[in-house]
Amino acid sequence: MILYGRPPLVFDPPGTATQTSPLIPGSTALESLPDDSVEGAMIYAPPGVLERRYTLAQALRALKVGGRLDVMAPKDRGGSRLKKELEAFGLEVGESAKAHHRRCVVVKPGRVTGIEEAIAGASPQTFETDNGQILWTQPGVFAWDRIDAGSAFLEGQLLHQGSDMGLKGAGADLGCGTGVLSWSILDEFSKVTSLRMIDIDRRAIEMAKKNVIDPRAQFEWADARSIEGTGDLNFIVMNPPFHDGGAETKRLGLAFIQKAAQMLTKGGELWMVANRHLPYEAELKALFKRVEPIGDNGAFKVFWAQK
């Protein structure tokens, strides 16, 4: 039995199943499971259309003929489309509604159509940036088809002011994504000796390994909020997430700030970008000796803080 994601307890997720979500560090990659090797699967479907169809197709590929696929999603985050998407694979679908979710159950028949196309549509791929850089990405990863505007603004502030303010030594990129910001740091700042690239999404780390070819880069599939605060880093850069399960929350950003303070040595620097409306100033001032706003473009703000 395999499980993908963390379905609400009301759906009785199996306690002994093999977890396969790329957003849960340490889980087994769904893509690594052999064809026709799984007895049953419960999928908490992701909201993105390409990612969701890819996940369903991978689960169906791994499922044995006669195996049961149990999939659910919130009605407003893909649940209302689940039945039609499963029927597009040539499946007979039983559908029900519960706890503001749609739930679909199918038994895998001897023939399923469209699996290869759905997998190909959301497999690792490249895109070209405005400056001609070719980057590896994958649907489902944060900002998978573009350069995130917040990260781009932070990058601009780093390149403009980072040399003057001493970006050097050992650092980390918390929530590194596909590695765009890390690549720029390693390319521009020769005094950086090492850079830990940390992200909760396995796919992001896999793409970052393709995008950042530098011996100073270290790749870590981990939740930045739970890694050890070693207190030995000279700098940290980050564009912390602020959505959890589709809802906006500042708690994620606050947790990233707290972790950054634990990871930095005395005198270490934090470079952070955030949406302009998010209130992080009080937490920064409580944990850092100096806090300076160094950029504001009306949509995003960048802070520099010193431990």
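Colleague: Is aspartate 12 buried or exposed?

Modeller: In this predicted model, aspartate 12 counts as exposed because its relative accessibility is 62%, and the cut-off for exposed is over 50%. Aspartate 12 sits in the loop between E1 and E2.

Colleague: What is the phi of aspartate 12?

Modeller: Aspartate 12 has a positive phi of about 55°, although it is not a glycine.

Colleague: And what about the phi of histidine 100?

Modeller: For histidine 100, phi is near 65°, which is again a positive value in a residue other than glycine. Histidine 100 is placed in the loop between strand E5 (94-98) and E6. With a relative accessible area of 68%, histidine 100 is exposed.

Colleague: Back to the loop between E1 and E2. Is glycine 5 buried or exposed?

Modeller: Glycine 5 is buried, with a relative accessible area of 9%. Glycine 5 belongs to the loop between E1 and E2.

Colleague: Which residues does glycine 5 touch?

Modeller: Not counting residues up to four places away in sequence, glycine 5 touches Gln19, Ser21, Ile24 and Tyr44.

Colleague: Moving on to leucine 30, where does it lie?

Modeller: Leucine 30 is in the loop between strand E2 (18-19) and E3. Leucine 30 counts as buried because its relative accessibility is 3%, and buried means under 20%.

Colleague: What is leucine 30 in contact with?

Modeller: Leaving aside neighbours within four places in sequence, leucine 30 is in contact with Ile2, Tyr4, Thr20, Thr55, Gln58, Ala59, Arg61 and Arg202. As for alanine 59, its C-alpha atom and that of leucine 30 are separated by 7.2 Å, and the two residues are 29 residues apart along the chain.

Colleague: New topic, the largest nonpolar core. Which of its 30 residues touch the most other members?

Modeller: Those are Leu69, Val71, Leu86, Phe89 and Leu91. The elements that give two or more residues to this core are strand E1 (2-4), strand E3 (38-44), helix H1 (49-62), strand E4 (63-74), helix H2 (82-87), strand E6 (101-107) and helix H3 (115-121). H1 supplies the largest share of this core, 6 residues.

Colleague: What does leucine 86 touch?

Modeller: Leucine 86 touches Leu56, Leu69, Val71, Leu91, Val93, Cys104 and Val106, not counting residues up to four places away in sequence. Another core, of 27 residues, lies apart from this one, and Met238, Met272, Phe288 and Phe303 are among its members.

Colleague: Phe89 was on your list. How many Å apart are arginine 111 and phenylalanine 89, C-alpha to C-alpha?

Modeller: They are 9.1 Å apart in space and 22 residues apart in sequence. Arginine 111 is in the loop between E6 and H3, and with a relative accessible area of 63% arginine 111 is exposed.

Colleague: Now the helices. At what angle do helix H4 and helix H5 pack?

Modeller: Helix H4 (residues 149-161) and helix H5 (residues 180-188) pack at an angle of about 15°, and their axes are 10 Å apart. H4 and H5 are therefore roughly parallel to each other, since angles under 35 degrees count as such. Their crossing is right-handed.

Colleague: Which residues of H4 and H5 make the contact?

Modeller: H4 contributes Ser151, Leu154, Glu155, Leu158 and Leu159, while H5 contributes Leu181, Ser184, Ile185 and Glu188. By class, the contact of H4 with H5 has 5 nonpolar, 2 polar and 2 charged residues.

Colleague: Which residues of H5 are buried, and what do they pack against?

Modeller: The buried residues of H5 are Leu181, Ser182, Ser184, Ile185 and Leu186. They pack against H4, strand E9 (169-174), strand E10 (192-199), strand E11 (217-221) and strand E12 (233-238).

Colleague: Last one. Where is arginine 276 found?

Modeller: Arginine 276 is in the loop between strand E15 (264-275) and helix H8 (281-287). Its relative accessible area is 46%, and arginine 276 is partly exposed.

Colleague: What is arginine 276 in contact with?

Modeller: Apart from neighbours within four places in sequence, arginine 276 is in contact with Asp296, Gly298, Ala299, Phe300 and Lys301. For glycine 298, which is 22 residues from arginine 276 along the chain, the C-alpha separation is 6.9 Å.

Terms used
Residues are numbered from 1 along each chain as its sequence is written. This is a predicted model: local features need pLDDT of at least 70, side-chain atom pairs count only at pLDDT 80 or more; totals for chains, interfaces and linings use all residues. Side-chain values use heavy atoms; hydrogens and water are left out. A nonpolar core is a set of buried Ala, Val, Leu, Ile, Met, Phe, Trp, Tyr and Cys residues joined through side-chain atoms within 4.5 Å. Buried means under 20% relative accessible area, exposed over 50%, partly exposed in between (1.4 Å probe, protein chains only). Helices (H or I, at least four residues) and strands (E, at least two) are DSSP runs, numbered from the N terminus. Contact means heavy atoms within 4.5 Å. Axes are lines fitted to C-alpha atoms, for helices over the stretch in contact, and angles run from 0 to 180 degrees between N-to-C directions. Angles under 35 degrees count as roughly parallel, over 145 as roughly antiparallel, 65 to 115 as roughly perpendicular and the rest as oblique. A crossing is left-handed if the near helix is turned anticlockwise from the far one by less than a right angle, and right-handed if clockwise. Ala, Val, Leu, Ile, Met, Phe, Trp, Tyr, Cys and Pro count as nonpolar, Asp, Glu, Lys and Arg as charged, and the others, Gly among them, as polar.
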